[in-house]
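Hello,

Here is the structure you are taking over, with notes on what was found in it below. Please read the notes alongside the coordinates.

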Amino acid sequence: MTLNRLFSILSVSLLLIACDSPEDKKGRFLLKGNTKMQENDYKGARDFYNEAIQIDKDFSEAYYNRGITYLMMADYESAVHDFTEAIVLKENYADAYYQRGLAYLDNGEYYKSLADASKLIQLESDSGRGYFLEGLGYEALKNHEEALDAFDKALGLEEDNVDLYVNRATIYFYLDQIEEALADLDKAGQLNPGESNIYNLRSMIAFEQGNYQEAYDWVERAIALNARQPYFFNNRGLYQLYLGNLEEGLEDINLSLKQDSRNLYALRNKGIYYVMTGDKKLAIKYLEEVLEKDPQIPLTEEYLNKAKGG
């Protein structure tokens, strides 16, 4: 159920160089890496940034860009290392603080992410990025009121930012303020009707209201816009289960887990599948694991009781 998070552009080093000088060579490797990034070849990009760093161990932009490749490959510890190197080499490197905060967030280090958000707020008083990162950190900690306040502050600085409206709508959804959530989604749709997360969240709202076919239709629209988001497939899998399409649902849930094996919502959904198919032993295995790691995930306890015959 994670939403988009405003990835900033790669650093491009503008170098005044002599032919075949070290400055020339490292600059070429940086640009070649950027080209690979544009082609979504993250390993190829990383290799070119490695070459640039071998030439200049103090090349902060190359560390930053290599950190982006690690982030995109879900190697969060390596990403944190490179963003930290970039910050050490380049004081007050705002982009690196932002990306490191995202890496901490994805690695489950929420308080470190909040610390980077605080630093970013100091560095960029006229930008909403720091408050956006802060909102994500509080959301991950389930401090929804604090998250809402952070997103409000970000929107005060960037009133036409689609991602902020979608993320604030998500918090309204968690707080059961559905009218406010739908109003933010309407605004986001006016700004960018091609933003897939709008429709994914609409599907979640429809599901909570018991409108399973509507939920399915909304998430289908999200997937049509972005077929690389594992959370969309997990949600579609859940809706399939509730529509009685059990094997199709399991296929979607397994596809989501293949892309993100740590997604507790997908593990919960797999437990629900086993409850529905009568395999109580496997259902209990998955649902107890989810309940132990996060007892606040909805439906977990309900279906665990069903599996145990309650």
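The axes of helix H7 (residues 129-140) and helix H9 (residues 162-174) cross at roughly 25° and come within 11 Å. That angle makes H7 roughly parallel to H9, a label for angles under 35 degrees, with over 145 counted as roughly antiparallel, 65 to 115 as roughly perpendicular and the rest as oblique. Axes here are lines fitted to C-alpha atoms, for helices over the stretch in contact, and angles run from 0 to 180 degrees between N-to-C directions. Helices themselves (H or I, at least four residues) are DSSP runs numbered from the N terminus. H7 passes H9 in a left-handed crossing, that is, the near helix is turned anticlockwise from the far one by less than a right angle. Phe132, Leu136 and Glu139 of H7 meet residues of H9 that include Leu164, Ile171 and Tyr174; contact means heavy atoms within 4.5 Å.

Two remarks on provenance. This is a predicted model, in which local features need pLDDT of at least 70 and side-chain atom pairs count only at pLDDT 80 or more, while totals for chains, interfaces and linings use all residues. Residues are numbered from 1 along each chain as its sequence is written, and side-chain values use heavy atoms, with hydrogens and water left out.

The contact involves, among others, Phe29, Leu30 and Met37 of H1 and Tyr42, Phe48 and Ile55 of H2.

Helix H14 (residues 246-259) has 14 residues and reaches 20 Å from its first C-alpha to its last, close to the 20 Å expected at 1.5 Å a residue; the expected span is 1.5 Å times one less than the number of residues. Its buried residues are Gly249, Leu250, Asp252, Ile253, Ser256 and Leu257. They cover an arc of only 160° around the axis, which puts them on the same side of H14. Buried means under 20% relative accessible area, exposed over 50% and partly exposed in between, with a 1.4 Å probe and protein chains only. The arc is that of the directions from the helix axis to the C-beta atoms. The buried residues of H14 pack against helix H13 (230-242) and helix H15 (264-277), whereas the face turned away from them carries the exposed Glu251 and Lys258.

In helix H10, the buried residues are Ile178, Ala181, Asp184, Leu185 and Ala188. They cover an arc of only 125° around the axis, so they are on the same side of H10. What covers them includes H9 and helix H11 (196-208). Exposed Glu179 and Gln190 are on the face of H10 turned away from the buried side.

Last, some loop residues. Most residues other than glycine have a negative phi. Asn92 has a positive phi of about 60° although it is not a glycine; its place is in the loop between helix H4 (76-89) and helix H5 (94-106). Asn92 is partly exposed, with a relative accessible area of 38%. Leu299 also has a positive phi, near 75°, and lies in the loop between helix H16 (280-293) and helix H17 (300-307).

Gly128 is in the loop between helix H6 (110-123) and H7, and counts as buried at 2% relative accessibility. Not counting residues up to four places away in sequence, Gly128 touches Ala154, Leu157 and Glu158.

Regards

Methods. Helix = DSSP H or I, 4+ residues; strand = E, 2+ residues; numbered from the N terminus.
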